[in-house]
Amino acid sequence: MAQVLVLNASYEPLNITSWRRATVLMLKGKAESLEEDASHNIRQDVKAPTVIRLIQFIRVPYRDIPLSRKNIFQRDNNCCQYCGQKNKKLSIDHVLPRSRGGTDNWENVITACLQCNVMKGNRTPDEAKMPMKTKPYKPLNNMSFETTKQIHSGRHKEWSKYVIGWVA
């Protein structure tokens with residue numbers, strides 16, 4: 001089922017929903033279509049939306065992203081941050097090892113394949129002469145994860161202009 005990016009009245013990404021739910025919001029006058037899928041007709045004269053914008057502004061409370069193995073892998077695109085390989089068994093590596101005072105936070109943990117993690121050992125990347133592909137960072141929010149995945153997969157390239165600064 002096709003997915004639709006839902007924007008707030010201020011054009012801030014809010015959610016991803018199904019094309020059916022998006023169509024209902026549009027029919028009720030609660031949203032307008034900004035982008036459409038030319039290959040998917042709802043009716044003869046109506047195309048399925050891929051991006052909609054709500055007419056009224058919705059206030060959304062801030063939700064912090066939990067630091068979890070799944071979220072770290074997703075942030076790093078399931079790719080070893082030392083060698084760049086994707087098809088290996090992956091683990092979590094602390095940039096500054098815990099035994100040397102490193103903590104569990106977004107800026108200190110990265111995805112590493114088992115081979116690179118063992119090779120790095122109890123050293124920093126500089127000491128091990130193993131530069132990281134990207135610097136670890138705390139993601140903005142859960143929406144940035146999903147939208148980045150959809151854009152990089154090629155399914156929804158049109159979303160990129162609505163999530164400026166989110167997609168690496």
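Analyst: One term to start: buried means under 20% relative accessible area, exposed over 50%, and partly exposed in between (1.4 Å probe, protein chains only). Also, this is a predicted model: local features need pLDDT of at least 70, side-chain atom pairs count only at pLDDT 80 or more, and totals for chains, interfaces and linings use all residues. Residues are numbered from 1 along each chain as its sequence is written, and side-chain values use heavy atoms, with hydrogens and water left out.
User: So is Glu-32 buried, exposed or partly exposed, and why?
Analyst: Glu-32 is partly exposed, because its relative accessibility is 29%.
User: What does Glu-32 form with Arg-53?
Analyst: A salt bridge (a side-chain nitrogen of Lys or Arg within 4 Å of a carboxyl oxygen of Asp or Glu). In the pair Glu-32 and Arg-53, the closest N and O atoms are 2.6 Å apart. The two sit 21 residues apart, with Glu-32 in strand S3 (residues 31-43) and Arg-53 in strand S4 (residues 46-54). Helices (H or I, at least four residues) and strands (E, at least two) are DSSP runs, numbered from the N terminus.
User: And Arg-53, buried or exposed?
Analyst: Arg-53 is buried, because its relative accessibility is 15%.
User: How many salt bridges are there?
Analyst: Six. Another one joins Lys-161 to Glu-35, at 2.9 Å from N to O. That pair links distant parts of the chain: Lys-161 lies in the segment after helix H4 (142-152), Glu-35 in strand S3, and they are 126 residues apart.
User: Which class does each of those get?
Analyst: Lys-161 is partly exposed, at 49% relative accessibility. Glu-35 is buried, at 15%.
User: New topic. How many residues make up the largest nonpolar core?
Analyst: Eleven, including Phe-73, Cys-80, Leu-90 and Met-130. A nonpolar core is a set of buried Ala, Val, Leu, Ile, Met, Phe, Trp, Tyr and Cys residues joined through side-chain atoms within 4.5 Å.
User: What is Cys-80 in contact with?
Analyst: Leaving aside neighbours within four places in sequence, Cys-80 contacts (heavy atoms within 4.5 Å) several residues, among them Gln-85, Thr-111 and Lys-133.
User: Last one: what is the mean pLDDT of the chain?
Analyst: The mean is 88, and 95% of residues reach 70 or more. pLDDT is the predictor's confidence in each residue, from 0 to 100.
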